[in-house]
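Here is a short report on one protein model.

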Amino acid sequence: MKFYLLYFLLILAFVFSSKVKLIEEETVTKTRQGKIKEDEFDIYIKSHNKNYGPEEYKARKQIYRENLERIKKHNEDSSQTWGAGENQFTDWSDGEFKAYLTKFPLPEFKNDPIDRSKLQPLTSLPDTYDLRNNITAVKNQGSCGACWAFSATAVAEGVFNLNDGILMDLSQQQVISCTTTCAGCDGGVTSYALDYIQVNGSCGDYLWGYEGQNGVCSGTSFDNCQANSFVKVKNQSTVFLYTDSDPVGLLQQILVSYGPVGIAIDADSLSYYEDGVATSMSCSNNPSNANHAPSLVGYGTDGTTPFWRVKNSWGTGWGENGFFRFERGINLCGIENYAYFATGSTNDGLTKFNDTVTGLKVSPSSNQFTLNWDSYPGAQKYFVKAIIDGELYLWETSKTSPTVDTASSYTNATCWVAPILDSQYGALSENITFNSAHSLVLSFLAFLLILLNVF
């Protein structure tokens with residue numbers, strides 16, 4: 001009897017375990033199917049790091065679906081020369097997007113005369129001009145309506161690069177918080193921001209990073225910027241191109257002569273732009289309807305269509321990796337109405353490193369390396385970069401001889417030092433070999449593998 005009872009219990013246990021396993025398999029299958037069939041709007045909001053409550057979720061989902069239909073309809077229209085697509089604005093209504101765009105007051109009093117004799121002659125302009133290798137990466141202004149500040153720093157970065165050969169990310173937050181003639185995230189004018197940079201200078205973004213809000217013109221970041229505002233623009237100018245007999249040619253001349261140019265456009269229809277050269281768009285070319293300030297960084301021809309290339313401030317996930325192209329010569333959306341630029345820049349002490357830096361020595365040890373250098377006039381702070389075992393490490397230092405503790409043991413490393421943040425600023429590059437090996441880590445991993453095999 002005991003034998004039969006034991007046998008029955010074993011069968012019952014087997015059936016129960018099989019049932020549990022079947023339920024687990026069904027759960028896994030349903031979960032996998034759920035992931036595969038996950039709602040497209042859920043995928044969208046996850047990809048853009050959005051989070052909504054139940055009511056807003058429902059409303060946003062409806063807007064998203066309506067906008068997808070508009071995108072589909074646009075792309076099915078064979079007469080359209082540009083492609084539409086999803087981006088961070090696809091679950092926004094038209095009214096919300098228009099409210100996001102800042103309104104530009106017309107600074108009519110600031111129309112500066114331009115000395116054409118100092119411009120690149122029209123007859124010698126290149127057929128194609130592209131400054132993308134001479135400008136900093138595309139930024140993202142987020143929900144803050146401070147495109148004017150991004151446009152101004154793009155102009156300053158560009159003219160400084162052309163004059164000094166140094167490509168430096170300047171601080172938008174400094175301009176937003178300290179330009180009293182503008183309204184921060186509630187709007188402003190590129191020329192006013194350039195006025196600020198001309199008088200006060202601009203510091204590197206590494207000293208006062210973008211906060212996406214108005215902020216105050218004081219505090220530690222402000223003090224650091226005040227002490228390290230190396231870059232100033234000079235002779236900043238505003239030209240109303242729409243009053244000129246040849247606005248297209250003049251805009252090309254300014255671009256080739258002085259670098260990136262701040263512009264002002266009606267951007268009401270840019271929320272869906274994904275790629276291509278736009279030859280038509282639902283927007284106004286009236287100067288008074290300008291509501292967005294990007295920066296012009298080049299021109300060329302796509303097939304037979306001449307175009308402008310524009311750097312935007314909505315991140316690299318928007319448009320053509322953060323850029324867009326408009327047909328050149330038709331003043332689409334008012335792109336040929338304004339030109340905000342600077343004819344030069346001054347360098348208040350930022351030192352550019354060449355390929356060889358004298359006085360810099362690297363002394364490796366088992367868990368640290370020490371950097372020593374002679375005094376470089378004007379260079380107040382440095383960033384030390386190191387790639388150690390494939391990982392990037394970054395330290396901020398002053399001119400005093402720093403000791404950088406890696407807090408671990410490494411087998412191989414390459415390091416260099418730069419005055420600000422980007423390796424383009426110059427560098428010393430040296431291989432460093434550390435004596436310590438990763439034997440303990442390797443032994444532990446081997447032990448884990450043994451455990452997995454046993455169990």
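The sections below take each topic in turn.

## Basis of the model

This is a predicted model: local features need pLDDT of at least 70, side-chain atom pairs count only at pLDDT 80 or more, and totals for chains, interfaces and linings use all residues. Residues are numbered from 1 along each chain as its sequence is written, and side-chain values use heavy atoms, with hydrogens and water left out.

## Strand pairing

Helices (H or I, at least four residues) and strands (E, at least two) are DSSP runs, numbered from the N terminus. Two strands pair if DSSP finds at least two bridges between them.

Strand β5 covers residues 273-278 and runs antiparallel to β1, residues 82-84. Three bridges join β1 and β5. Here W82 stands opposite G276. β5 also pairs with β8, residues 323-327, in the parallel sense over two bridges. In that pairing, A278 has F326 of β8 as its bridge partner.

## Aromatic rings

A pair of aromatic rings is described by the distance of the centres and the angle of the planes. Rings of Phe, Tyr and Trp (its six-membered ring) pair if their centres lie within 6.5 Å; planes under 30 degrees apart count as stacked, over 60 as edge-to-face and the rest as tilted.

The structure holds 26 aromatic pairs. One of them is Y299 with W308, edge-to-face at 6.2 Å centre to centre, with 85° between the planes. Y299 is buried at 2% relative accessible area, and W308 is buried at 0%. (Buried means under 20% relative accessible area, exposed over 50%, partly exposed in between, with a 1.4 Å probe and protein chains only.) Y338 and Y340 form a stacked pair, 5.9 Å centre to centre and 10° between the planes. Y338 is buried at 2%, and Y340 is buried at 0%.

One aromatic cluster includes W82, Y273 and F326, together with F89, W92, F97, Y100, W314, W318 and F324. Two arginines sit over rings: R325 over F307, 5.0 Å from the ring centre, and R328 over W308, 5.8 Å from the centre. The test for a charge over a ring is NZ of Lys or CZ of Arg within 6 Å of the ring centre and within 35 degrees of the ring normal.

## Disulfides

A disulfide is a covalent bond between the sulfur atoms of two cysteines. The cut-off here is a pair of cysteine sulfur atoms within 2.5 Å. The structure holds four disulfides.

C178 is joined to C217, S to S 2.0 Å. The torsion about their S-S bond is about 100°, so the link is right-handed. C178 lies in helix α6 and C217 in the loop between α7 and α8, so the pair ties together parts 39 residues apart in sequence. C178 is buried at 6%, whereas C217 is partly exposed at 33%. C203 and C225 also bond, with sulfur atoms 1.8 Å apart. C203 sits in the loop between α7 and α8, and C225 in helix α8, 22 residues apart. Both C203 and C225 are buried.

C283 bonds to C333, S to S 2.0 Å. The S-S torsion is -85°, and the link is left-handed. C283 is in the loop between β5 and β6, C333 in the loop between β8 and β9, 50 residues apart. C283 is partly exposed at 24%; C333 is buried at 2%.

In sequence order, the bonded cysteines pair as 1-3, 2-5, 4-6, 7-8. C147 is in no disulfide, and the nearest cysteine sulfur, that of C144, is 9.0 Å away. C147 is buried at 2%.
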